[in-house]
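Dear colleague,

I am passing on the structure below, followed by notes on what was found in it. Please read the notes with the model open beside them.

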Amino acid sequence: MAVNSNNIETQVLESDTDMNVYPGVQNQAIVQSLYRALDDGDMDAVSKLLASDLEWWFHGPPKCQHMMRVLTGELSLQATFRFEPRSIEMVGDSVIAEGWEGAKAYWVHVWTVKDGLITQFREYFNTWLTVRDLRPPRCEVRRVNHTLWQSQPRDLVRRSLPGVLLAI
């Protein structure tokens, strides 16, 4: 893991050939590009990363659908919530970004990328998220923890938030 100039924890690979060896890394790079374009206010770049039929799912207070409002043009980037991921990780076929701003706002974004475009977006706002692999175990006899990812909101440890289990 490494931390880039935006304080985002990411996996670091040594060469461009790693993109071919690890296709998930390309998906992670696409999601990082989306956040960079949002931060720069470059909505043309944002629209090139999203499928025209983007599937959307949201869990949280309706007034907190900030990303939907930005991506649909309902709110300008300057007048809205800033998404600054603290970490971006590959989990299975998904890219998970997590961020928080003090004790009031915690979010998790789960992105699906296919053929270089973001095709699915799940947003969890002020919600603890656990991602679990629910496929039946292969030939394993011992009990295995199938949790692949869990929320880590450092500023919100003592806050009570609803929990959601995402099964993949």
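**Notes on the model**

A51 is found in strand β3, where helices (H or I, at least four residues) and strands (E, at least two) are DSSP runs, numbered from the N terminus. The model is predicted, and for that reason local features need pLDDT of at least 70 and side-chain atom pairs count only at pLDDT 80 or more, while totals for chains, interfaces and linings use all residues. Residues are numbered from 1 along each chain as its sequence is written, and side-chain values use heavy atoms, with hydrogens and water left out.

A51 counts as buried because its relative accessibility is 11%; buried means under 20% relative accessible area, exposed over 50%, and partly exposed in between, with a 1.4 Å probe and protein chains only. Leaving aside neighbours within four places in sequence, A51 is in contact (heavy atoms within 4.5 Å) with L117, I118 and T119. Of these, T119 lies 68 residues from A51 in sequence, yet the two C-alpha atoms are 5.3 Å apart in space.

Strand β3 (residues 50-59) pairs with strand β7 (residues 117-125) in the parallel sense over 6 bridges, two strands being paired if DSSP finds at least two bridges between them. Within β7, Q120 stands opposite E55. Strand β7 is also joined to strand β6 (residues 105-114), this time by 8 bridges and in the antiparallel sense, and there Y124 of β7 is the bridge partner of V108. The hairpin of β6 and β7 has 2 residues between the strands, and in it D115 takes a positive phi near 50°.

Which side chain of opposite charge is nearest to the buried E123? E123, found in strand β7, has R69 as that nearest side chain, at 8.3 Å, and therefore no salt bridge, since a salt bridge is a side-chain nitrogen of Lys or Arg within 4 Å of a carboxyl oxygen of Asp or Glu. In this count Lys and Arg are positive and Asp and Glu negative, while His and the chain ends are not counted. The side chain of E123 does make a polar contact with the side chain of H109, at 3.2 Å; a polar contact is a pair of N or O atoms within 3.5 Å, of which, within protein, one must be able to donate a hydrogen and the other to accept it, and residues adjacent in sequence count only if both atoms are side-chain atoms. Beyond four places in sequence, E123 touches several residues, including W56, W57, M67, M68 and V108.

Turning to the nonpolar cores, the largest has 25 residues, and L34, Y35, L38, M67 and W111 have the most contacts inside it. Such a core is a set of buried Ala, Val, Leu, Ile, Met, Phe, Trp, Tyr and Cys residues joined through side-chain atoms within 4.5 Å. At least two residues of this core come from each of α2 (23-40), α3 (43-49), β3, α4 (66-71), β5 (94-101), β6 and β7, and α2 gives the most, with 6 residues. A second, separate core of 9 residues includes V91, I96, W100 and V131.

For the chain as a whole, there are 4 helices and 10 strands, and 40% of the 168 residues count as buried.

Kind regards
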